[in-house]
Amino acid sequence: MTLTSLITGTPDAVIDPPHGVIGCSWCGLVQRLPEQSGRGVIHCRRCDAGLERTSGRSIDAALACSITMMVLLIPAIVLPLMQVSILGAINQSTVGDGVAGIWSQGWPLMAIVIGAELIAVPILRFGLLTAVLLMLRLGRRAHWLGPAFRITERLDEWATLDVFLIGCVIGYSRVEPFLPVHIGPGGWCVLAAAFMTMITRATLERRAIWRMIGPDASEMDGPSVACGACDHIAPLADEGGHCPRCNAHLWRQRPYATMRAFAFTLAGFIFYPIAYLFPMEVDIEAGKAHSHSIITGIMQLLQAHLWPLALVIFIASVGIPLFKLFGISWLILSSYQHSTSRLRLKGKLYRIIVGAGRWSHIDVYTVAVFLPLMRLPGLLSVQVADGMPAFLGVVVLTMMAARVLDPRHIWIAAHEGHK
């Protein structure tokens, strides 16, 4: 098979027997899905991205998990996560306490971002998902189902309670050697919510849900454009309009996507050294200040013989951000150079970057949990330092860079260079 046929989606890229025609959101190839009854994953013919799982999916299980998440979210957010006693004073840590503490110390933008990721986004995501799955389970096809499910997919990586759980574990490990820590009901609810989040992702098959919202095209007559959100295909003449299934804009490739990704990536490179050269927090004990950076935090975990947690922090807070910055830079450079080499590798790299980005929040969440616990007026306090907002900036900017970058452009640019 030639490079041109792979990129343009000519008939030799059509898979038989017929099942449904979609456009891969990762590379843009218009292709026909096979009718497959066995267990496994249907992969894109060109970029090898997973298009659909043919086992383990269940709308009933996904709906049950989503409803359970809605039940768990409020107590997880409101009830105490942990409790410590310091010289007779009882300190509790809740999600709201951490956000309020960061705001009161003069970092309102950072508090808004953390509050959105831990409170607003999970409620909105699972509320919409529950409504969509319930309507589909009842056999109703309201016009808002497509846009609503598209929003839930976009919010998935920003709903980070499962990442927050690891931050809670590390916060616990920092306090427990010095003070007795009691895990509150909110902590157990966060544990259950994180588990249900993972189960929801495992049981929810997006391709099956989109097919229930609106059927895939059965034919692909003439030039077409694929929706980057739900993979629906439409005539090329509809480019610039709205997808009839999810109401997203239809583009063969999103305008100025590479330029926007470059801007976010460049900003991430600017914040990166600040995040590691400056301390993340300053602990004040009896008037003495002790600064802690990401690196010193890793060293403390190693000294406490908690090397698995130290390894997690190193990978999530040092390795992943740097990997994302250079990985996105390579993809942007390849697009500008119309490179035709290692296209599948670049596609896999992009998918890894998108999937790994959210896990870099761990250090930020650790401070948010730790801050309300270690508080005794005049004797003990934890102050957010300059490195923490800079680090959060790196995490958010790289996530935004990955999302605005249109991976289809890698293949289109390669095809144009091949010509």
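Tutor: Start with a term: a polar contact is a pair of N or O atoms within 3.5 Å; within protein, one must be able to donate a hydrogen and the other to accept it, and residues adjacent in sequence count only if both atoms are side-chain atoms. This is a predicted model, where local features need pLDDT of at least 70, side-chain atom pairs count only at pLDDT 80 or more, and totals for chains, interfaces and linings use all residues. Residues are numbered from 1 along each chain as its sequence is written, and side-chain values use heavy atoms, with hydrogens and water left out.

Student: Which backbone oxygen does the side chain of R408 reach?

Tutor: That of W251, at 3.0 Å.

Student: Is R408 buried or exposed?

Tutor: Buried, because its relative accessibility is 4%. The cut-offs: buried is under 20% relative accessible area, exposed over 50%, partly exposed in between (1.4 Å probe, protein chains only).

Student: Where is R408 found?

Tutor: In helix 15, residues 408-418. Helices (H or I, at least four residues) and strands (E, at least two) are DSSP runs, numbered from the N terminus.

Student: What does R408 touch?

Tutor: Leaving out residues up to four places away in sequence, its contacts include C24, W26, C27, C227, W251 and R254. Contact means heavy atoms within 4.5 Å.

Student: Now the whole chain. How many helices and strands?

Tutor: The protein chain has 15 helices and twelve strands. Its radius of gyration is 23 Å, close to the 22 Å from the globule rule for 419 residues, so the chain is as compact as a globular protein of that length. That radius is taken over C-alpha atoms, and the rule is 2.2 Å times the number of residues to the power 0.38.

Student: How much of the chain is buried?

Tutor: Buried residues make up 52% of the 419.

Student: What does the C-alpha trace span?

Tutor: About 75 × 50 × 35 Å along the principal axes.
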